[in-house]
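Please examine the sequence and the coordinates shown below. The paragraphs that follow lead through the fold, from the chain as a whole to individual residues.

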Amino acid sequence: MKFGKVENPELVDFTLPENHPDTQLLLTSSKSSNPLEVFVGCAKWNRADLKGFYPRGTKDELVYYASQFNSIELNATFYRFFPPEQFEKWYEKTPDGFKFFPKLNQEISHWKRLNEVSQQVENYLYAASNLKEKLGTLFLQMHANFSPKDFDRVINFAESWPKEIPLSMEFRHPEWFSNETIANELYYLLKENNIANVLVDTAGRRDMLHMRLSNNEAFIRYVGANHQSDYDRLDDWVVRLAEWVDVGLRKIHFFVHQNLEVASPLLSAHFIKGLNKALDTNLTIPVLAKEPPSLF
């Protein structure tokens, strides 16, 4: 994942910002007795990216991946429309309790830019529904040049989205964050439609770390910089998530990326160990077949 990459990550202040005041209010007001739901995964499972993760002789990468992780941020669905039969196969290859968090196709977000996309959305959801109970929160990522001038499209999309299917949305144009009026209008729209406001922790775009939740779901996309500081950053997230859980957070969906994905499983293992200790969870800690070369 190259988005937000910088040449000198050691010069970046990776301190997590303070919570947005509305996050505290939202979590306090939405506190419930529901069990804590924690899903941690990578963005992809193919062997070419996750070198050193798969044991020699692994015949099916997804089957093995799903034995080590409880979820995947499914980026493949961004690049092409898969038929229902493919989603069925993915369902059958993964154990009970595993979840997929698929990205909506680029035709919806990047090509048509949310304009007249009802048929594309319907086709996508028809296929993805074959994941059944393993379908997690879907993920819409807008192009970096999609600005608030097309806010009306976001409103139409959010209000027409089927409410029984959980959705998260990520915006990248700086004006969504720098203009307080627009940020407040977007937050209100997402909150009213129970859509998660994606948090992105990446070196070159600290403005996307807005720390503003719009429902009782922390959907976090963490992008490591292939630098030793990646571990400290993950430790900071463990502390922050534990604080949010204390005041009412019930859903953590955390996906680990790297500019070079080779170390994603290793970072995930470090993060999961910290979560298990801080939250008293019992997530499987991924095991690497061998240490990936030249991590940092």
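The structure is a predicted model. Its chain contains 11 helices and nine strands. Since a compact globule of 296 residues would have a radius of gyration near 19 Å, the 18 Å found for the chain agrees with that expectation. The C-alpha trace spans about 50 × 45 × 45 Å along its principal axes. Of the 296 residues, 57% are buried. Contacts between residues at least 6 apart in sequence are formed, in 77% of cases, by residues at least 24 apart.

Six strands build an open sheet with parallel pairing, arranged in the order 3-2-1-9-8-7. Strand 3 (99-102) and strand 7 stand at its edges; each has a single partner strand, and therefore one side of each is left without a neighbour in the sheet. On average, neighbouring strands of this sheet are turned by 25° against each other, direction ignored. In general, the strands of a sheet pair through backbone hydrogen bonds, in either a parallel or an antiparallel manner.

Two of the pairings can be followed residue by residue. Strand 1 (residues 37-42) pairs with strand 2 (residues 71-74) in the parallel sense over two bridges, and Gly41 stands opposite Ser71 of strand 2. Strand 2 is in turn joined to strand 3 by four bridges, again in a parallel run. Here Ser71 has Lys99 of strand 3 as its bridge partner. Is strand 3 buried or exposed on its two faces? Both faces are covered, with Lys99 and Phe101 buried on one side and Phe100 and Pro102 buried on the other.

The loop between helix 4 (84-93) and strand 3 holds Thr94. Thr94 has a relative accessible area of 6% and therefore counts as buried. Apart from neighbours within four places in sequence, Thr94 is in contact with Leu62, Ala66, Phe100 and Lys134. Lys134 lies 40 residues away from Thr94 along the chain, and their C-alpha atoms are separated by 8.9 Å.

Together with helix 7 (residues 151-160), strands 4 and 5 make a right-handed β-α-β unit. Within strand 4, Leu138 and Leu140 point one way while Phe139 and Gln141 point the other, and all of them are buried.

Helix 10 (residues 229-247) comprises 19 residues and reaches 28 Å from its first C-alpha to its last, close to the 27 Å expected at 1.5 Å a residue. Its buried residues include Tyr231, Leu234, Trp237, Leu241, Trp244 and Val245, together with the charged Asp230, Arg233 and Arg240. Against which elements do the buried residues of helix 10 pack? They pack against helix 1 (21-29), strand 7 (199-201), strand 8 (218-224), strand 9 (251-258) and helix 11 (264-279).

Leu36, placed in the loop between helix 1 and strand 1, is 209 residues from Val245 in sequence, yet the two are 8.1 Å apart in space, C-alpha to C-alpha. The contacts of Leu36, leaving aside neighbours within four places in sequence, are Val245, Leu249, Arg250, Ile252, Leu279 and Thr281.

Finally, some backbone angles deserve attention. Most residues other than glycine have a negative phi. Lys132, although not a glycine, takes a positive phi of about 50°. Lys132 belongs to the loop between helix 6 (118-128) and strand 4 and is exposed, at a relative accessible area of 51%. Asn226, likewise not a glycine, has a positive phi near 50°. Asn226 is found in the loop between strand 8 and helix 10; with a relative accessible area of 16%, Asn226 is buried. Just after helix 10, Gly248 adopts a positive phi of about 135°.

Conventions
Residues numbered from 1 in each chain as written. Predicted model: local features only at pLDDT ≥ 70, side-chain atom pairs only at ≥ 80, totals over all residues. Heavy atoms only, no water. Buried < 20%, exposed > 50% of the residue type's maximum accessible area, 1.4 Å probe, protein only. Right-handed = clockwise from strand over helix to strand, strands pointing away. Expected span 1.5 Å × (residues − 1). Contact = heavy atoms within 4.5 Å. Pairing = 2+ DSSP bridges. Axes fitted to C-alpha atoms, helices over the stretch in contact; angles between N-to-C directions. Rg over C-alpha atoms; globule rule 2.2 N^0.38 Å.
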